[in-house]
Amino acid sequence: MLKCDHCLLTFPEKDAVYGEIRGQKKVFCCGGCHGIYALIYSEGLDAFYEGRKWEETGIPAIAKKEIDIKPFSELVRDTDGKKEMDIFIDGIRCASCVWLNEKYLGRTTGVEYVRINYATHKARIRWDPASAGIDTILRRILSIGYTPKIYSESEHFKAQKAETRDLLVRFGTAAFLSSQLMLYSTALYAGYFQGIEQNIRHLFEIISLILTMPVLFYSGMPFIKNTLIGLRRFHFTMDSLITLGSGSAFIYSVYEITVNGKVYFDTSAMIVTLILLGRYIESAAKGRASQSIEKLAELTPKDARVVRRYGEDKNSAGQTVPLSSVRKGDFVEVIPGERVPLDGIVLSGESEVDESLITGESKPVVKAAGSEVVGGSINLFGTFIFEVTRTGKETVLSGIIRSVEEAQAHKPKIQLIADRVVGYFVPAILVICLATMAGYYLNNFRIERALMAGISVLVIACPCSLGLATPLAVLVFTAMASSKGILIRNGEVIENAGRTTRLIFDKTGTLTVGKPVLQEVIILDNEQSREDIMSLAASVEALSEHSISRAIIHEANKDLLPVSGFAAVPGKGVEGTVAGKRIYVGNNAMMADNKISLTAAQAVDNIAVTYEQSAATVIYMAWENMVRAMFIVSDVIRDEAPGTADCLIKMGLDVSMISGDNRLTTNAVAAKTGVAHAIAEMTPEKKKDFVREAQKGGESVMMVGDGINDAPALTEALVGIAMGRGTDIAIESADAILVRNDLRLIPYFIGLSRTTYSIIRQNIFWAFFYNIVAVPMAISGVLHPIVAAGAMAASSLMVVLNSLRIKRAG
């Protein structure tokens, strides 16, 4: 049997994990022990092994706490052959806590990804199920003194409010007692200089002791608990600095009472009070910043009125059932004043629905048979019945919440620098503190002077401002964006959108409304009737998702015919065999590819040019190498398009438009919208190549589109923006989505991103600058510990207030 060099457990040799640490061969019972052993040595904390006095071998007692993994199992999802889950980690107090959990879990065998959001305490963990399990991960978290809990939006908000309320009570208690304490401290300080009767002095010192004890041992208890938990793993956090600073002043003052010296109970109490003030303001700010997500989470009703179950033939009287029991295909009734419970399609009835909290659109939206309804919206006037199409995590509302949370968890590259600093910050401050006290003592200063200087170093240091620099700003940014109807799907968009130099629009469905209308049908084959032409064209177009296809289908009166050999050619058109004829419906490029001459039909060119110059689109229909008809399709330019383009140009952006349409139509739309640079007849690959070449030339490109043919360009661009009514493929390819199809959101979004990234940089600069300046001042003895505590709280407060300035950009 072998003994683990980390946890001291004995184990069989076949299970041994060997490692070499600083040239010495070590043996461990598992990869986890090997990882934490290496971590402790790499951080210079190997004194832990020399001075530890464990009462028993193995995992410390806190890790042996029973935990039920069944509820957590329901959170696990499959991601590319791996397992992934989101959980809430209780006990996180500062950026050092985040660092410890990420490092410790990241060193667990099989764990491939760990990311913890400091603002929400939500952790996303991904692992290989062949190497690790849920129980291993949860016990690893417990073993370092933190508690994993089930994460849900409602539970998170409850925990956030409970934390804020607890901090308020603790701060209120500390502030009241500290204010009373200052009266006696003022009298004692006056007595030290001007004289005071011994019995009065002793009485005031005892009263000060009594007033300080609740401040330290009740209001400051969270700091003490977290410090003791950290000591189990020889890991120090911001709470350790506070506990050591306040506790040292308290213990030294108790000692001074016994030797008739000066007491510093006010220092001990005010450190706790001022730090609690900073924590309370920080917690309250995080709560306010996440209110928009809380409102979204509260939109879904708890139940639904089902009038017909999927698979059943008859309707019921309207049975109210829990929302979790509703399935796809069920028919649900919604009466005036109720919220729509899930996503679906209206079957009968008419009404107006308020979707403002989801899309940001304030005007009610008319709903009738065939209209889509979104879960969480409010039915205003009429009663309607809809068929459920999406449930649970598939709904639009769930997707919005999930995407916003993912964006909030993202750490900009600039924050990664701060994270690396945080990992070494607290141990470094402890070393500096000891060195400061030793320096004062060796230079013949009084012990209390050395102690006060050391305490000042402890309490003035602030890794929290470094840890908070990005998360709170991102929290405010995503809240502001979602409230306007912008759904962030990728956290990197905050950095990338702010440095956009060129914006490229797709034409159809982006600068135009995307609902083309068939303006005219020109028959070129006298043997064909309009009805026959429309029937053949609509039959082929019915298999396409393009908006022009829908315009043709909408005008067809006859039943659709069977189609075989269908093919869609992106950016050109469609083809298929109908009634024995190989039908081609598309633009002039489609005709050229199939060697169909447009000049063979009389006056085709002249007709096309006339309509294209008025911004209409000309679609040709051919079979047997002859053009048989022309479809004149027109689309309405969005009202806000010209103003948006002008605003973007004034912001210093180069604005372009690319389209699969012909040159004349594309140029006509560009002229009406004020876009100076327009490129026509672009296939999806050409659009992608155009974006790539622009970025190779040093441009930072934002692409805005809505269709399948835009997906490659959206993916290629530094930032891809999809219109909310776009195709699923376009939406999946985008970094952000305009849930409300309003182009005016684009300059707002770019401006918001610029402001946010600027504030993040300001926050990180301030956090570094503060610590670089403040710590030497504390070492020099210029700052009293009370002033140091106030400065530390002010440092975090500066970051909080600066982050909240993002709201002004809205």
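How many bridges pair strand 14 with strand 15, and in which sense do the two strands run? I looked this up in a predicted model. Strand 14 (residues 351-354) and strand 15 are joined over 3 bridges in the antiparallel sense.

**Entry 1**

**Entry 2. Strand 27 and its partners**

I then turned to strand 27 (residues 654-658). Of its 5 residues, 4 are buried, so the strand is largely enclosed by the rest of the structure. Strand 27 runs parallel to strand 20 (residues 502-506), with 5 bridges between the two. Aspartate 506 has isoleucine 658 of strand 27 as its bridge partner. Strand 27 is also parallel to strand 28 (residues 677-679), here through 3 bridges. On that side I found methionine 657 opposite alanine 678 of strand 28.

**Entry 3. Nonpolar cores**

Which residues touch the most other members of the largest nonpolar core? I recorded Phe505, Met702, Ile746 and Phe749, out of 49 residues in that core. Helix 29 (residues 745-780) is the greatest contributor to this core, giving 9 residues. I examined phenylalanine 749 separately: beyond its neighbours within four places in sequence, its contacts are Phe477, Ile486, Ile488, Val493, Ala497, Met702, Ile721 and Ala736. A second, separate core holds 47 residues, including Leu167, Ala174, Phe223 and Val775.

**Entry 4. Helix 15 against helix 29**

I next checked how helix 15 (residues 447-460) packs on helix 29: the angle is about 170°, and the axes are 8 Å apart. Angles over 145 degrees count as roughly antiparallel, and the two helices are therefore roughly antiparallel to each other. Helix 15 makes the contact through Arg449, Ala453, Ser456, Val457 and Ile460, while helix 29 supplies Tyr770, Asn771, Ala774, Val775, Ala778, Ile779 and Ser780. I sorted the residues of this contact into 8 nonpolar, 3 polar and 1 charged.

**Entry 5. Alanine 38**

Is alanine 38 buried, exposed or in between? I located alanine 38 in helix 1 (residues 31-42). Its relative accessibility is 22%, so alanine 38 counts as partly exposed. Its C-alpha atom is separated by 6.9 Å from that of isoleucine 21, a residue 17 places away along the chain.

Note on methods: Residues numbered from 1 in each chain as written. Predicted model: local features only at pLDDT ≥ 70, side-chain atom pairs only at ≥ 80, totals over all residues. Heavy atoms only, no water. Pairing = 2+ DSSP bridges. Core = buried A, V, L, I, M, F, W, Y, C linked by side-chain atoms within 4.5 Å. Buried < 20%, exposed > 50% of the residue type's maximum accessible area, 1.4 Å probe, protein only. Contact = heavy atoms within 4.5 Å. Axes fitted to C-alpha atoms, helices over the stretch in contact; angles between N-to-C directions. Parallel < 35°, antiparallel > 145°, perpendicular 65-115°, else oblique. Nonpolar A, V, L, I, M, F, W, Y, C, P; charged D, E, K, R; others polar.
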